[in-house]
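Open the model in your viewer and keep the selection tool at hand. We will go from one stop to the next.

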Amino acid sequence: AGNNPAIMEWRLFATDALPPDPPLLYMNITNITYLGCYQRSSSRPFESQIPPSGVRSLPLDECARAAALVGSANFAMEAASSNAGLSECWVGSSVSPGNTGSLGSGEWLKADDSECIGANWTWVYDGTTYAHNGAASRMAVYTWDTAPGIRMWPPVDQSTNAPVLLPGGSNLDKWWVIPEGLPYGSGMYWATASSQLSASRAPNYAFDFDITTGWDSGTGASGKWLTIELPLAVQLVAYDIVTQPGEYSPFSPMSVDHEVLGSIDGTSWVLVNRAAGVVWALDAETKRFVVSEPCCGEERPFFRYFRFSGGYSVPMEWRLFSTDAELPPLASSQVDSSVSFSYVGCYQRVTHRAFTDRHYPNQIDIDLEKCMWGAVMRGSVNFAMEDAPDTPGVSQCWIGDSGDPGNDGSLGTGQFLQVDDSECIGSPWVWTYNGVNYPYNGAFKRMAVYTWAFDAGLRQWPPVGVDIGDSTAVSDSLLPGVTFRWEIPADAADYGTGSYAAMASSQFSAASWRPAFAFIHVIGGSRGWKSTISATGTNEWLMIQLPQAVQLVSIALADSLSGTGQQAMVDNFVLQGSNDGSSWTQLLSVSDQVWVIRAEVREFKLPEPSPGTDYPFYRFYRIYIAELPATGQNKVEVNEWRLITTDAPPPAPAPVTSLSYLGCYNRASTRAFESSVPSSLSRSLTLQECAVAAALHGSGNFAMEAASSVSGLSECWVGDTNSPGNDGSLGSGDWTLVTNNTECIGNSGWSWEYNNTVYPYNGAANRMAVYSWDTLPGIRMWPPVGHSSASDSSSAGMYRYTWHISGTEYGDGEYEASATSETVGWLPHKAFDHLLGSDLGWQSSGTGDKSLSIKLPKSVRLLAYDLISTQSSSMPPSFEVEGSSDGSTWELVKRHVLESWELDTKSQRFHVEQNGPGVWYNHFRINFVFGSDVTIMEWRLYSSADLPLRVLPERQCAVSLCESCVCGGGIQQRMLSRLKKS
């Protein structure tokens, strides 16, 4: 430290042992065979020298690699005319005389081997001595081939011939097709890269069998990559790279450190090989990198995508070598997709197609699986593959909405008659998926039509084929950002109906890029979710709230139709789940996504649950993006997002009340219950909601009746304790029992299942299906049913009222209701008076935060609570319920985010999650963050009937008479009678 070190000489001593050979199985990636010694007179049979400048000798194996990289089946070694003692390497194209069979004739007569052999020109390769040319105008000619069991990718002499530019894309995305006829390797190839110096140095030029062209990553020190997609998955054993010739650049810019990664789906990458400290010091130097054998007898992995990753690099050619093993077709249970499809038939089209939308990109050779996912995200039940009229041999994918002829049952009629399958099947059009061969359309104006379905036990959220309609902005929320909600009507889908909300940290435009537009079943359009422009791009997120909790299995994301939108697509994100929109659990982490196909759909699966466990249930799901995309965009985007879940219902909370059917009763001139819920009879209530309304009203019985004014709708009727329906008058007078229950039971639409019991609705005019409700054993309702707070309440201060209940089975004592404000006539204690109607609840007054509180006579363990609103506009969707033991220190009991109050006079029951023995409170309050006044008609609480545990010092346990007390670490249960006896 502090001085300049000096070492005059440094010498190392080692054993004389040779380094170990590469793995024997892949030592010979290519074989070299000596063909003979040939003369040349005025011209050579190979036109290209390697390197082009001819300034260095190439050893035999490097010349063979160069021949493979340019697709020259044969090659020649010749004495350098200008540099005595040096060799020259000559290669050619497929039409060069040295490769066409012209050797041995004309100018290239065969000479004696001794004319090509000199003592300094012999070369040993794989145990065989090969002759160099040791005389002027003599060429030692060789042929090469891949070793048995080895394949080269792309196959020899198959250049990228006019690679096709991705429609509307950049030169970074090029694909080409090698037609059938080769022993292997036919199909579609795709090359893409992180960057490029210019269009003439695009990624496809690294695979064109021409070392004078290549991919140039451009300036930059790190993070550069080149990717190729092969037609099928292979086991990589080695790869060759040739760097830039000296005549095209004064240096050879290649990263000294690089990695090769593999992927089966182009999204999840695995390290295949790492090379460090590689010296690229020679002109047009070719190097071969052998991939190590797997450890411990494991099989080499299969990958379809390979990525060269390093710093600034200019590989002129990159060739990959694999085994000849092919990945076996996956069994049905092994397919890494949640969706499967089946062939419907071959259909003609006359003037127009049966599907309106062409799934972008429109001229790409899109395969069936990509087309299927496009149909899933679009909500198109069927989809079609058709020959592209402007690009023969390339397929088009067609999808549409539910009203398209391809989806509405019109196939087989009119312009879409079914024809023989042979009109849709051509050899280039067969696609294998899950071990089954499916036909593409191989003739013009013929559609090979398919249908798709989720695997058994899976479903999609939001439901397929159901548009969100008009989403409405919501300003009231405990969450930051922007929120939009929408409703799927009860009869619009087989599942998934109810209230949805989409939220995001920001939005680029409410008109086109609001968070709700990520769920509209329009893939590749000019709508979706996009964040606002951000300098840092940190902490952006997109969230959805579902009508119920679900078990998420995977998600599907689609990128944009536009180039900039595609580049803004999230490339690194975390998927999270929550049941309150506040506390989040990480479910999946995704990184390094490169979106190269516009309107592409990718599925991301959650890890399998551990043995003995299952996927968790969550109602909220969020994509959290910590940073801007690596593409340099200043915002993030998601075009479409779909959630794929099990069809398991969420676990039902333990019920707190029960229902009993009393019978079918006639009504003559009057009903047995005087109050309808809602009072306007503007909507049907379900049986369960009517039961909750009866509990809130203190009506022991209630009735469901057919709506006289709106056919097919139900009416809910409740009353007070003096109503005939509650005072024992049922069965007499105007309310005689109808012995035939069928007069109250209509079609299946009138039955309601609650707590595993099916109850009938009233399905006939002037008939009431009457029910009774009660709290379940071990459950208590606060305040107790039938005891109003209105008759004896007194003011105890500003917005504070007390009342006393006595003579009940439970619940005797003093109650107190208070609030932060009140409106004249709408007082806090009226939210607990068991009365529904005008001026019979609590309403706040003024702006700012608001709360309503109740103090009970004793501490309870809260299990559930009921709330009923007046109008949807007066009940905030987001609020919190808290508990306290002293009225000053409050703890969160339950957080509500975007609850649905879309219907007037809507009553809802909310259950409190129980963890262990629970927490005991005698104070409860509801907090609101809401600009307008809040109205609560009634608030009822349900608790367990057990008593809180008393914590006693150890010395008091022996003499205590408590029925349940905590002593040290254990609970001692004592019966008073046993203590007295002892």
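**Salt bridges, stop by stop**

This predicted model holds 28 salt bridges by the rule used here. Side chains of opposite charge can pair when their charged atoms come close.

Select Arg40 and Glu78. They form a salt bridge, with the closest N and O atoms 2.5 Å apart. Arg40 sits in the loop between strand E1 (30-39) and strand E2 (48-50), while Glu78 belongs to strand E3 (residues 74-79). The two are 38 residues apart in the chain. Both Arg40 and Glu78 are buried.

With Arg40 and Glu78, they make up a network of salt bridges.

Next, select Arg378 and Asp357. Their side chains meet in a salt bridge at 2.8 Å, N to O. Arg378 lies in helix H3 (residues 368-378) and Asp357 in strand E21 (residues 357-358), 21 residues apart. Asp357 is partly exposed, at 27% relative accessibility.

Move on to Arg619 and Glu899. This salt bridge spans 3.7 Å, N to O. Arg619 is in strand E37 (residues 617-625). Glu899 is in the loop between strand E55 (890-896) and strand E56 (907-911), 280 residues from Arg619. Both Arg619 and Glu899 are buried.

Finally, select the whole protein chain. Colour by secondary structure to find six helices and 62 strands. Of its 982 residues, 53% are buried. The protein chain exposes about 41900 Å², and carbon and sulfur atoms supply 51% of that area.

How values were computed: Residues are numbered from 1 along each chain as its sequence is written. This is a predicted model: local features need pLDDT of at least 70, side-chain atom pairs count only at pLDDT 80 or more; totals for chains, interfaces and linings use all residues. Side-chain values use heavy atoms; hydrogens and water are left out. Helices (H or I, at least four residues) and strands (E, at least two) are DSSP runs, numbered from the N terminus. Buried means under 20% relative accessible area, exposed over 50%, partly exposed in between (1.4 Å probe, protein chains only). Accessible areas come from the Shrake-Rupley method with a 1.4 Å probe; for residues, only the protein chains shown count as cover. A salt bridge is a side-chain nitrogen of Lys or Arg within 4 Å of a carboxyl oxygen of Asp or Glu.
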